[in-house]
Amino acid sequence: MLNTVLSSALTLLITLPGLTAHAQNQQPKPAPRSFTAVPQMSEAQKANFPPQLMEELAAIKTAALSDDYAYQQIAHLTENIGGRPSGSPQAQAAVDYVAGELRKLGLEVHLEEVKVPHWVRGVETAQLVEYPGHTANATQKIVLTALGGSTATPAEGIVADVVVVNNFEELAALGRDKVAGKIVLFNEVFDKQKSAAGMSFVAYGEAVRYRGAGPKAVAELGAVAALVRSVGDADFRLPHTGYSAPAGIPAGAVTAEDAELIAHLATQGKVRMHLTLTPQKLPDATSYNVIADLKGSVHPEQVVVVSGHLDSWDLGTGAIDDGAGVAVAMEAAELLQKLHLHPKRTLRVIAWMDEESGGAGSQTYNKEHAADFSNHVAAIESDAGAAHPLGFDTKVTAQAGELLRPALNVLQSIGANATRESSYPPGADISGMSDSGVPALGILQDGRTYFHYHHTAADTLDKIVPAELRENAAAMAVMGYALASMENPLPR
Ligand SMILES: [Zn+2]
């Protein structure tokens, strides 16, 4: 998830039923409620959530908690298909598979053509060949991986001195004289205490700036290659790949442990590295967003999007990022079909292409459907893993947030009823819609372990706990159906 640095902008206000404190501008604030009074539905809530709809939402939740459809989908996407980087044969296989499964459910499926970058990983090795206390003829292995879009070194690699900086200010202070011709390592530290305290996306937002902008900044000062400390919060000596703005120089991520090693040695004297990265940028490829509609029975022209992104990085098999998001969106449709529930508005499942390497899929959708965004009643994306859901990140008006409370109350028994107001669209692929005024929600998962595995070789099926995936499917399906079947479209 998250090429864009959205997380640092998330506000951290968690609102709970009856203690609502939505702080969105221009909207009237709901009156504070006392905890000594039994909660009542407002007239607007009652009008929008009649008893039959409340029963249907409860039935969806119950069915989700014993349904393994999403798990079967994610198992196929990860184990039978595998990593799905943009432009790869696996990404195409995933498009065909998901489209076929959604057709089997009886949805109207449309493949939306998207031009995507096609970058292929090559050899990636590094050794320290000279350093203080160095034993003659010995080298120290450095564990690293290329960042997406990295250019290549010659096949035999390059050898250069390594300069270590902790932040952009230190880089600027060094200036061109001390950077030109060198390999620059950003040793920015991921704030693990924030992760442990449930603020991992804030920590990610702080650290990922170096991955995103660091290589370009050092290239502008004449560096021959850029390295960043992996943007992750566990110490498994695993490198984390990810998107980086095109810099025209080789760019990689070393593990946290290797960043520490290099930084310590650099305080003692000269450090030289032999670095070999041989990725290839191939011509742009043709790929697709998978768009599947379960047509609305009363207002088919009004659309509620439930979504995740189908592409992944290539190191792992894209289980938590973001096969899980696609799988729970698919299950939302599967549950409605199984229960013979007909949403009033169209429920649109979207498996986005190319979130990780530039967002071509969502950009194409925004272009093709902008004229219809007034009929997009709401959009949900799940792109923060498959751990236990706590509720939703929301970018909706205060009035809309209050109106959704009955649906959230249905999810209270599984703990997925909190809302956290976001000042930024809660999902990279739905950000264009959100910026155009479409109410946007993201499933808010427990993020304490997400960045252990994010963008690494360890993003694999075993990281998904089936019971937690079912809770996510319940959250997606209940909220998706609520938005599609409440009496009036959610106010914006
Ligand atoms: Zn993702």
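**Close-up views: salt bridges and nonpolar cores**

**View 1. Arg-470 counts as partly exposed, at 21% relative accessibility.** The model shown here, as in every view, is predicted. Arg-470 pairs with Asp-68 in a salt bridge, and their closest N and O atoms lie 3.1 Å apart. Arg-470 belongs to helix 15 (residues 466-485), while Asp-68 sits in the loop between helix 2 (51-64) and helix 3 (69-81), so the bridge ties together parts 402 residues apart in sequence. The structure holds 22 salt bridges.

**View 2. Lys-194 and Asp-191 form a salt bridge.** The closest N and O atoms of this pair are 2.9 Å apart. Side chains of opposite charge can pair when their charged atoms come close. Is Asp-191 buried or partly exposed? Asp-191 is partly exposed, with a relative accessible area of 25%.

**View 3. Asp-293 and Lys-295 meet through their side chains in a salt bridge.** The N to O distance is 3.5 Å. Asp-293 is buried, at a relative accessible area of 9%. Lys-295 counts as partly exposed, at 39% relative accessibility.

**View 4. Arg-348 lies in strand 13 (residues 345-352).** Arg-348 counts as buried because its relative accessibility is 9%, and buried means under 20%. The side chain of Arg-348 also makes a polar contact of 2.9 Å with that of Tyr-365. Leaving out residues up to four places away in sequence, Arg-348 touches Ile-291, Ala-292, Asp-293 and Tyr-365, among others. Also among the residues touched are Val-303, Val-304, Val-305 and Val-306. His-369 and His-376 are touched as well.

**View 5. The largest nonpolar core has 95 residues.** Which residues have the most contacts inside this core? They are Leu-57, Val-98, Leu-102, Leu-310 and Leu-483. Another core, of 23 residues, lies apart from the largest one. Its members include Trp-119, Val-162, Leu-185 and Leu-275.

**View 6. Leu-483 and the residues it touches.** Leaving out residues up to four places away in sequence, Leu-483 touches Val-304, Arg-345, Val-377 and Ala-378, among others. Ile-380, Leu-404, Leu-441 and Leu-490 are also touched by Leu-483. Val-304 is touched by Arg-348 too.

Technical notes
Residues are numbered from 1 along each chain as its sequence is written. This is a predicted model: local features need pLDDT of at least 70, side-chain atom pairs count only at pLDDT 80 or more; totals for chains, interfaces and linings use all residues. Side-chain values use heavy atoms; hydrogens and water are left out. A salt bridge is a side-chain nitrogen of Lys or Arg within 4 Å of a carboxyl oxygen of Asp or Glu. Helices (H or I, at least four residues) and strands (E, at least two) are DSSP runs, numbered from the N terminus. Buried means under 20% relative accessible area, exposed over 50%, partly exposed in between (1.4 Å probe, protein chains only). A nonpolar core is a set of buried Ala, Val, Leu, Ile, Met, Phe, Trp, Tyr and Cys residues joined through side-chain atoms within 4.5 Å. Contact means heavy atoms within 4.5 Å. A polar contact is a pair of N or O atoms within 3.5 Å; within protein, one must be able to donate a hydrogen and the other to accept it, and residues adjacent in sequence count only if both atoms are side-chain atoms.
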